Amino acid sequence: MQRQFSPSGVEQGQDLTIVIPAYNEQGAVAHTLRRLRAAFPAAEIILVDDCSTDATLAEGSSVPEITIFRHRFNRGYGAALKTGMMRANGEAIAWFDADGEHRPEDLKAMLDLFYREPVAAVLGRRPSAGQPKFRLLGKFLLRIWARSLGQQVDRDLNCGLRVFHAEAIRPYIPMLPDRFSASTTSTLIMLAKKFPIRFFDIDTDPRVGESKVRLRHGFETLLNILRTTLIFGPLRFYGAAGLALFGVGMVYGLGVAFAVDQGFPTFGLVLITSGLIFLALGLIADQVSQWRLSTMETNPIKSSRPQLSQNDTRERKQN
């Protein structure tokens with residue numbers, strides 16, 4: 001991850017790709033694109049319209065020098081990010097929401113840290129003040145759930161403003177879910193791989209339009225945290241469960257055997273056997289996980305911007 005950029009090149013957005021997912025963001029997308037183009041005149045800016053039903057595509061097309069991809073049907077926030085990242089040419093890949101909430105000056109400060117220190121990612125961290133109480137509660141529950149699975153996470157898991165080194169995120173693009181939990185999952189991937197990352201405090205502007213996040217997306221995120229944990233550390237989950245069952249079975253079985261003096265109880269044997277089964281499943285899952293990760297890391301997705309799937313997307317280039 002060696003970086004040899006001049007200060008002026010970094011300031012202009014040299015070797016930077018900014019990916020902007022958009023779904024029904026006609027009120028803010030053009031303003032967002034103009035601000036980014038003014039702030040990063042040398043950057044590659046990719047807008048992915050996730051089959052919006054409003055004028056998002058037309059508004060985005062009004063801004064010059066923007067590469068636009070449009071999904072033929074609505075696939076989700078994460079799917080739009082994946083489409084953009086798979087076609088990104090920059091060494092640094094930034095995520096930037098289209099709703100007007102994020103500020104280019106924060107991205108600039110994050111890029112300064114990204115190029116100054118040997119990190120794989122810089123992740124935005126929004127202030128807690130001003131956020132709806134139900135959303136703060138949801139974030140708290142996500143943190144508790146992630147930590148119960150052995151993931152040491154920060155207070156903001158899913159901020160949509162972040163910068164990745166392409167070498168760090170590209171192998172794991174297929175693992176990102178298609179919905180809103182892509183942000184949380186990408187954070188967990190960086191932590192699970194023990195990549196050097198930094199969290200960066202940002203400010204936010206009021207978003208334009210209505211948030212697309214719903215309660216069901218919180219449940220999807222919980223499941224994706226579990227799924228990501230099982231991919232990167234299945235032994236952590238199965239091993240803990242197996243050892244717990246084995247230990248409880250031994251303690252219970254020996255206690256009853258000595259107290260009643262009628263041999264080892266059947267229920268104790270069931271617990272011990274269950275524990276051994278869980279341990280065996282963990283070992284098998286660990287081998288499958290290592291094979292899958294090795295395959296992704298050995299054959300990462302390459303940039304394929306000139307080639308588009310005729311079934312899913314089409315490209316529009318604004319010059």
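Predicted model: local features only at pLDDT ≥ 70, side-chain atom pairs only at ≥ 80, totals over all residues.

Strand 4 (residues 92-95) and strand 6 run antiparallel and are joined by four bridges. Here, helices (H or I, at least four residues) and strands (E, at least two) are DSSP runs, numbered from the N terminus, and two strands pair if DSSP finds at least two bridges between them.

Residues are numbered from 1 along each chain as its sequence is written, and side-chain values use heavy atoms, with hydrogens and water left out.

Strand 6 also pairs with strand 5 (residues 121-125), again in the antiparallel sense, over three bridges. In this pairing, Val122 stands opposite Val163.

Which way do the side chains of strand 6 (residues 162-165) point? Arg162 and Phe164 point one way, Val163 and His165 the other, and all are buried. In a regular strand the side chains alternate between the two faces of the sheet. Buried means under 20% relative accessible area, exposed over 50%, and partly exposed in between (1.4 Å probe, protein chains only).

Now for the loops. Asn24, in the loop between strand 1 (16-22) and helix 2 (29-39), is not a glycine, yet has a positive phi of about 55°. Asn24 is partly exposed, with a relative accessible area of 22%. Cys51 lies in the loop between strand 2 (44-49) and helix 3 (56-61), and its phi is also positive, near 60°. Cys51 counts as buried, at 18% relative accessibility.
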